[in-house]
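Work through the exercises below with the sequence and the structure at hand. Each task is followed by a worked solution.

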Amino acid sequence: MVTTPTAEPTFLDRTNLTREEARGRSGLVTVQDYDVHVDLSTALDPRATGFRTTTTVTFACAEPGADTFLDFINDGVESVTLNGRALDPAQVAGGARVRLPDLAARNEVTVVGTALYSTSGEGLHRFVDPSDGQTYLYTQYEPADARRVFAAFEQPDLKGRFTFHLTGPADWVLASNQSEVARRDAGDGLVTVDFSPTPPLSTYITTLLAGPYAVWEDRWGGHPASGAPEVPLALYCRRSLAGSLDTDRVFATTRAGLDFFHDLFGVPYPWGRYGQAFVPEYNLGAMENPGLVTLAEQYVFTSRATRAQYEGRATTIMHEMAHMWFGDLVTMRWWDDLWLKESFADYMGTLAVAEATEFTDAWTTFANRRKAWAYAQDQYPTTHPVVADIADLEAARQNFDGITYAKGASVLKQLVAFVGREAFMAASREYFARHAWGNAALEDFLAVLQEVSGRDLADWPAQWLQTAGVPELWITSGDVPVLHQRGADPATGHPVLRPHVLRVGRYELDDGRLVRTAAADVEVAPGEAGARTAVALPVTGDDGSGTVRLVLPNDEDLTYAKIRLDRDSVRAVLEHPVADSLAGATVWAALWNMTRDGLLPAADFVGACCRLSGAIEDVGLYAQVLAQAETAIRCYAPAGVRAGLRAQFGASLRRALRGTDGVGAGSDRQRAAMRVFALLARGADDAPGGQGAAGAASVDGFVAVLEAVLDGWPASAPTSTPGEAGADRDRAAVVPGLDVDAEVRWAALQALAALGRADRERLDRALAAEVTAQTTVWHRTASAAVPQARVREEAWTAVITGRTADGRVLSNDHLSAVAAGFTASRPDLAAPFSPRYWPELTGIWAGRSNGLASRTIGGLFPAAQDALPGGPDAQDDHPVVAAARTWLAEHPDAPRALRRIVIERTDDLVRSLRAQAAGQ
């Protein structure tokens, strides 16, 4: 199917607000108040596609007689009344904007129209729980989807006070940013709830919640030193999940965070209540709506969660709480300074978890997991400075990435090391005082920080925030060891040598582990002076004998840089574990970057994982390293060695599953190993007929473990229950102590489906045995993974059209689940679709929301390819690489966000092929 792109939209239909349009409107308009009524009386009717919305905005105009516009993505505008004058909707309203002509000095406009329920997670998302048929709704707006619910000046620097009114079924929970102040009967079993006015807010952090949510309430006792009063706390989730939400733990984390941030900032929490709603099919991890934070319901653990998952949830809670000050109280003017809230929240969230919760090793997770995201993003041709050039909303949507979050947070960690923690926190307090309830930019924060710290920060933004790319650091030995730096901005090619305040550590063997024996603090100057810096640290053994040792630049992970270990250090860390958790995370990150760059063979990384992963005690780092080993086999290993590496790694994981190799039975690490084993198994038959007897035996070995885990589930007889028959026989021997719950069962079933060992009938029986929102998504992936050409054709058509074979719309999560099944195994079955991919792109982008289009295009990209003979440089001639570059050359005027997806996926492919070729 090839979709014809639509024509260039008219002004009133244009959804892509530009920065220049926003600046012009900001200079003209000052917003006072919004009064918004959203009527959800149609929400329970599956045939109803939209809902009625009425918005009144009062605002001032700096130039009476001028025109402006409201943003409103709608399914019809019924009326527009400006200053008591009825305007003709046919003349002033389009699909995305409402023109407001001939403004007065003070204005009041009321817009009545119909907005659409969403299945994409953008705007007002409607979800029907498959387990009980109940309907739930929530909103998600960032960066600019409030306009999908009500008419608004949709830009962050036009703040207003919002009074919301929400109509819905009388037995539903109806909630918003502020507390309920009145409830009125609306007839037909409906009520209208009125909420108290908000303080000044940007549109993107307003929120609505509606449905039969389960609710829990608690209180935080306040903070006398800052003058913060008591704060009511609330939690929400779907009723079918209520038994799985560990409310005591979530409330405890919330109270700990409020204590921590009040101690740190000394600024009272300004938003009244603090609610947190766990919502389905959420596109993000969470959103910082003041008074009512929304979080992905993946944080409601329906299956057993590891310590790393609890830490991840705590980090997300703290990240969103930090936004109550950084982002909500003081907001960026435009999306160029998105980092000003996200980088701060990422840094502050990790700091709070490390210092105010049980997860004291949170910086280890940050070093290996969060920064891995940043390092990968910062090496794309599309990388950008932390302070990005965001010309329009489509560009803004693409910049919620590893640069804005993780690199920015890493740079802030370096800035804190540079100016000192006390100065940084004092500057934060002064920043809040100066800009509360308003908007700010980079220069505003740095001005305060320079005043407070006394440090000269004139050049710091250019060195760290306004250039792109990852610095590289490495040590060479000699009479005086030298720390070297190199770096270049990928966009300009210009050298970028940044200042660093860091530590270099020396590690030697002690009882089989590498332990720190010495360290040196190093301050690296900016520019050419920073290319070589002397280090007061011995690099070789004291006796010159070549003692086994590790020299670790960026010990304690104080700066942002790729670390290139010297040859002796690589040899040491491939054979011996590092005792310190944070240092170990830094070492594994260095090895992973070397693997992705083709400097370390994938086989070496996998071998090190097999030998050393059992010594990794931090379950988050353990899980990350195992996942990276699986990726190394799938993406970076030459085709000829993949089967052998998969067998080697599979054997290592089987030992972990048995509770050996230092991994205890029933432990979190055993569970992490099971997750990766199931992913690894999907590719065990990726070369059918070409693996010989050894390959077939390897497939059978994976299948035997997976079937032992399932232990006959789902049984053919409907009266059987999971795990009854033989549970103490094969399963106990293969995975002793493993908690085999829904997550584990479906991970095994998906792998068996990808191997052709679980057919659709078995998958359907499994779904019938436990119907939940999550199992229906897992079932989608498993069903699309069955290795048959017909199944792949059905999956392709479903993702391209956005509908199932019987015409039902695929929501965001379900569309991604089908795409994941399509690419789960057997690249030979997906290969015939590659030529069909490129003609679809512009039509998909034009015909779908940004979120759904991104999921479709990213999910179906033909990424699973084998390197050509001839070495790394020959990979530019790979047919899929050539096809991608041809499409880019032929579509120079395609939307920048669309081109960015294609460029980044192509760069991933080229990196994969070059690494494979380097190892041939």
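**Exercise 1.** With which residue does Asp597 form a salt bridge, and how far apart are the closest N and O atoms?

Solution. The model is a predicted one. Step one: the partner of Asp597 is Arg564, and the closest N and O atoms are 2.6 Å apart. Asp597 lies in the loop between helix H13 (581-596) and helix H14 (602-612) and Arg564 lies in strand S28, so the pair ties together parts that are 33 residues apart in sequence. Step three: check accessibility, where buried means under 20% relative accessible area. Asp597, at 24%, counts as partly exposed, and Arg564, at 11%, counts as buried.

**Exercise 2.** Find the salt bridge between Glu556 and Arg503, and state which parts of the chain the pair ties together.

Solution. Step one: the two side chains meet with N to O at 2.8 Å. Step two: Glu556 is in the loop between S27 and strand S28 (562-564), while Arg503 is in strand S24, so parts 53 residues apart in sequence are tied together. Step three: Glu556 is partly exposed at 29% relative accessible area, and Arg503 is partly exposed at 23%.

**Exercise 3.** Which strands pair with S24?

Solution. Step one: strand S24 (residues 500-510) is joined to strand S25 (residues 513-524) by 11 bridges, and the two run antiparallel. Arg503 stands opposite Asp521 in S25. Step two: look at the connection. S24 and S25 form a hairpin with two residues between them, and Asp511 in the turn has a positive phi of about 55°. Step three: S24 is also joined to strand S27 (residues 549-552), antiparallel, by four bridges. There Gly505 stands opposite Leu552.

**Exercise 4.** In what order do the strands of the eight-stranded open sheet lie?

Solution. Step one: the order is S5-S4-S7-S2-S1-S10-S13-S12, with mixed pairing. Step two: strand S5 (85-87) and strand S12 (180-187) are the edge strands, as each pairs on one side only. Step three: from one strand to the next, the twist averages 20°. Strand S2 (residues 50-61) and strand S7 (residues 106-116) pair in the antiparallel sense over 11 bridges, and Thr110 in S7 is the bridge partner of Thr56.

**Exercise 5.** Which residues of helix H28 are buried, and what covers them?

Solution. Step one: in H28 (residues 850-860), the buried residues include Asn850, Leu852, Thr856 and Leu860. Step two: the cover includes several helices, among them H7 (393-398), H23 (789-801) and H30 (896-918).

Methods. Residues numbered from 1 in each chain as written. Predicted model: local features only at pLDDT ≥ 70, side-chain atom pairs only at ≥ 80, totals over all residues. Heavy atoms only, no water. Buried < 20%, exposed > 50% of the residue type's maximum accessible area, 1.4 Å probe, protein only. Contact = heavy atoms within 4.5 Å. Pairing = 2+ DSSP bridges. Axes fitted to C-alpha atoms, helices over the stretch in contact; angles between N-to-C directions. Salt bridge = Lys/Arg side-chain N within 4 Å of Asp/Glu carboxyl O.
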